[in-house]
Amino acid sequence: MMDNTFFKTLLVLCFIFCVPMLSAQQVALKSNLLYWGTTTPNLGVELALDKKLTLDLTGAYNPWIFGSKEGNKKLQHWLVKPELRFWPYEKWDGHFLGIQGIFASYNAGGVHIPLVPIGHLQDYRYEGYATGGGFSYGYQWYLSPHWNIEATAALGYLYLNYKQYECRKCGAYQGKSHKHWIGPTHVGVSVVYLFTSKKK
């Protein structure tokens, strides 16, 4: 079972520090539609640091077991991704470059997800954590004074430490291992709500 204490604490701290800034209208809220495609609820908060710099903090949490508990198909995880972004023109408008960190805990197996950096997720269950970071590129399209669409992708490094089990519920322990991954670390298509009205 995943330890959710760290994740819950981080959400509380994020709420405490971010809410006062909402009144200053220097915040955007977002949600990644691709995460929702894996049944993973997620929310991002992006804070303006100046005209061309923003700090994005995204959190995601998936607690589900698919089908019967005996089948033990799941993609359970929590993930936190802080990212510093530079906007060549203006924040929340057009191209941006970013540098990000990634912190996650997972308990997943019995499902097919492309480009997963650990083993055979369809055949085994993996329980562990991941840390790393990378560089991102993205673009935001203006929809209306308060709404944007964002597309982004990142390449970077992940260190994964995990225990491997047979996929079925209470499956036999197969051993402990770790992996160094260099490759895609994030992809997103997000709906963005801007507290600051923008006009084109």
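What is the relative accessible area of Y159, and which class does that put the residue in?

Guide: Happy to show you! First, this is a predicted model, where local features need pLDDT of at least 70 and side-chain atom pairs count only at pLDDT 80 or more, while totals for chains, interfaces and linings use all residues. Residues are numbered from 1 along each chain as its sequence is written, and side-chain values use heavy atoms, leaving out hydrogens and water.

Y159 has a relative accessible area of 21%, so this tyrosine is partly exposed. (Buried means under 20% and exposed over 50%, with partly exposed in between, using a 1.4 Å probe and protein chains only.)

Now for its ring. Rings of Phe, Tyr and Trp (its six-membered ring) pair if their centres lie within 6.5 Å; planes under 30 degrees apart are stacked, over 60 edge-to-face, and the rest tilted. That rule gives 6 aromatic pairs. One of them joins Y126 and Y162 edge-to-face, with 5.3 Å between centres and 85 degrees between planes. Y126 belongs to strand β7 (residues 124-144) and Y162 to strand β8, 36 residues apart; a strand is a DSSP run of E, at least two residues long, numbered from the N terminus. Both Y126 and Y162 are buried.

Y159 pairs with Y129: this pair is tilted, at 6.4 Å and 55 degrees. Because Y129 lies in β7 and Y159 in β8, the pair ties together parts 30 residues apart in sequence. Y129, at 38% relative accessibility, is partly exposed. Elsewhere, W147, Y193 and F195 make one aromatic cluster.

Definitions and conventions: Helices (H or I, at least four residues) and strands (E, at least two) are DSSP runs, numbered from the N terminus.
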